[in-house]
Amino acid sequence: GGFSSERHGPSPPVAPSDLAYLIYTSGSTGNPKPVAVEHRALANHAFGIIERFAITPSDRLLQFASATFDVALEEIFPPLLAGASVVLRPPGSAPPPRELVAFIRRTGVTLVNLPSPYWHEWVDSGQCGDVPESLRLLVIGSDRTDARRLELWRRVNGARPRIIHAYGVTECTITSLTHEVGEGAFE
């Protein structure tokens, strides 16, 4: 049959227990396994992140993670639900830190969520003192964050921007643990 507008009307209601997405993870085993995440889990996560990151309609959140990584959902749903803007990074592989800093400055991004290894590159590049004025929150995680680099960052930048270390396992819907890094955390 051909296209019929009657067949493509509004979608049926979605229940909290309905599947929101299916993602594969290797976890600690190294063997891929599917993880089914329900709408209620994704919604609860999104509203928890809005509160934890204090996302407001004036925020501009950088969508940095690959679409195949569940953190991308954390970069999209919470800001949209809070009325904030999502700023897509330029297509292709992750830019060098110098280019990302210039992009954040140019686009007025207020919140970024970076994997620790990439943030380590930012610090190691000598650019850690070049923090755009618009950036109010830096979330780092998904991997171990080096304490020496955090200490250097805080020595150079003081308490700005606010830093939250985040970690989670796919089975717990993206981020399950956060820790705010205080200014005097390493003194």
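Helices (H or I, at least four residues) and strands (E, at least two) are DSSP runs, numbered from the N terminus. The views below show a predicted model, in which local features need pLDDT of at least 70 and side-chain atom pairs count only at pLDDT 80 or more, while totals for chains, interfaces and linings use all residues. Residues are numbered from 1 along each chain as its sequence is written, and side-chain values use heavy atoms, with hydrogens and water left out.

View 1. L19 lies in strand β1, which covers residues 19–25. Together with L22 and Y24, L19 forms a nonpolar patch on the surface, and the accessible area of the three comes to about 340 Å². Such patches are made of residues with over 30% relative accessible area and no salt bridge, where like charges are joined within 9 Å and nonpolar side chains (Val, Leu, Ile, Met, Phe, Trp, Tyr) within 5 Å; a salt bridge is a side-chain nitrogen of Lys or Arg within 4 Å of a carboxyl oxygen of Asp or Glu. Accessible areas come from the Shrake-Rupley method with a 1.4 Å probe, and for residues only the protein chains shown count as cover.

**View 2. Q63 in strand β3.** Q63 belongs to strand β3, residues 60–63, and is buried at a relative accessible area of 12%, where buried means under 20% relative accessible area, exposed over 50%, and partly exposed in between (1.4 Å probe, protein chains only). The side chain of Q63 reaches the backbone oxygen of A65 at 2.7 Å. Once its neighbours within four places in sequence are set aside, Q63 is in contact (heavy atoms within 4.5 Å) with A72, E75, I76, V86, V87, L88 and R89.

**View 3. The largest nonpolar core.** A nonpolar core is a set of buried Ala, Val, Leu, Ile, Met, Phe, Trp, Tyr and Cys residues joined through side-chain atoms within 4.5 Å. The largest one holds 23 residues, of which V112, L114, W119, W122, L138 and W153 touch the most other members. Two or more residues each are given to this core by α3 (97–107), β5 (111–115), α4 (116–124), β6 (137–141) and α5 (147–157). Beyond its neighbours within four places in sequence, L114 is in contact with F64, L100, W119, W122, L138, V139, I140 and G141.

**View 4. P132 and the loop between α4 and β6.** P132 sits in the loop between α4 and β6 and counts as buried at 1% relative accessibility. P132 and V101 are 31 residues apart in sequence, yet their C-alpha atoms are 6.9 Å apart in space.

View 5. Side chains of opposite charge can pair when their charged atoms come close. D146, buried at 16% relative accessibility, meets R148 in a salt bridge (3.4 Å, N to O) and forms another with R149, the closest N and O atoms being 3.8 Å apart. R148 is exposed at 62%, whereas R149 is partly exposed at 22%. D124 joins D146, R148 and R149 in a network of salt bridges.

How values were computed: Polar contact = N/O pair within 3.5 Å; in protein donor to acceptor, adjacent residues only side chain to side chain.
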